[in-house]
Amino acid sequence: MTPELAVYAAQTRWLLQQFDQMLGELPVETLTATPPAALEGNCLLAIAKHAAAVTEVYALGFGAGMPVERDRSREFIATAAELPGIRTRIQHLMASIDIAFGQAAAGRLDAPFIPEPHLYGTGEPRQMTPREAIVENVRHLGIHLGEARLTRSLLTTPAP
């Protein structure tokens, strides 16, 4: 693995570990609750499920060139019964990222491509490189970790 990919792998693993830790610390009732009615948002479990799916597609698929699939509409629906599977998925990703990035050819990091629309997410797919996809995943995970932490605070902090 190149030093550059090692940095991306470390950041990705750390972000995923933060999601896994949150899922392991909170009761399932909190993980499946939505923020107060005055706010829009997803439950913590759905945020984590989406974070795992995005990492599979952007880091492993677009970044490392592994075959991936995605059903984005299902990423934002999560039930208590899915908690063990979502944690396992995140833990598998943490273990897989070094292997995937270690096998990725450094020369392909700058090869432009246009993602398949069903894998891309929202909006019109734009040209990117594998490097951009990996960095986009780190950015995206950071945004959703902040969202998850705010949601956790809204759900667990007693009203004054």
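Contact here means heavy atoms within 4.5 Å. The structure is a predicted model.

**View 1. His144 and the residues it touches.** His144 sits in helix 6, which spans residues 130–156. Not counting residues up to four places away in sequence, His144 touches Phe19, Ile47 and His50. The side chains of His144 and His140 make a polar contact at 3.0 Å. Is His144 buried or exposed? His144 is buried, because its relative accessible area is 14% and the cut-off for buried is under 20%.

**View 2. Phe19 and its contacts.** Phe19 is also a partner of His144. Leaving aside neighbours within four places in sequence, the contacts of Phe19 include Ile47, Ala48, Ala51 and Ile90. Leu141, Leu145 and Ala148 are on the list too.

**View 3. The largest nonpolar core.** This core has 36 residues. Which residues have the most contacts inside it? They are Phe19, Leu23, Leu45, Ile90 and Phe101. Helix 1 (3–25), helix 3 (44–63), helix 4 (83–103) and helix 6 each supply at least two residues of the core. Helix 3 gives the largest share, nine residues. In soluble globular proteins, nonpolar side chains tend to be buried together.

**View 4. A second core.** A separate core has nine residues. Among them are Val57, Val68, Met128 and Ala133.

**View 5. The Tyr58 and Phe62 rings.** The model has two aromatic pairs. One of them joins Tyr58 and Phe62, edge-to-face. The ring centres are 4.8 Å apart, with 65° between the planes. Both residues belong to helix 3, and they are four residues apart, so about one helical turn separates them. Tyr58 is buried, at 8% relative accessibility. Phe62 is buried as well, with a relative accessible area of 7%.

**View 6. The Phe62 and Phe113 rings.** Why is this pair called tilted? The ring centres of Phe62 and Phe113 are 5.4 Å apart and the planes are at 55°, so the pair is tilted; planes over 60 degrees apart would count as edge-to-face. The pair links distant parts of the chain. Phe62 is in helix 3, while Phe113 is in the loop between helix 4 and helix 5 (117–120). The two residues are 51 residues apart. Phe113 is partly exposed, because its relative accessible area is 21% and buried means under 20%.

**View 7. The ring cluster.** Ring pairs link Tyr58, Phe62 and Phe113 into a cluster. Phe62 takes part in the pair with Tyr58 and in the pair with Phe113.

Notes:
Residues are numbered from 1 along each chain as its sequence is written. This is a predicted model: local features need pLDDT of at least 70, side-chain atom pairs count only at pLDDT 80 or more; totals for chains, interfaces and linings use all residues. Side-chain values use heavy atoms; hydrogens and water are left out. Buried means under 20% relative accessible area, exposed over 50%, partly exposed in between (1.4 Å probe, protein chains only). A polar contact is a pair of N or O atoms within 3.5 Å; within protein, one must be able to donate a hydrogen and the other to accept it, and residues adjacent in sequence count only if both atoms are side-chain atoms. A nonpolar core is a set of buried Ala, Val, Leu, Ile, Met, Phe, Trp, Tyr and Cys residues joined through side-chain atoms within 4.5 Å. Rings of Phe, Tyr and Trp (its six-membered ring) pair if their centres lie within 6.5 Å; planes under 30 degrees apart count as stacked, over 60 as edge-to-face and the rest as tilted.
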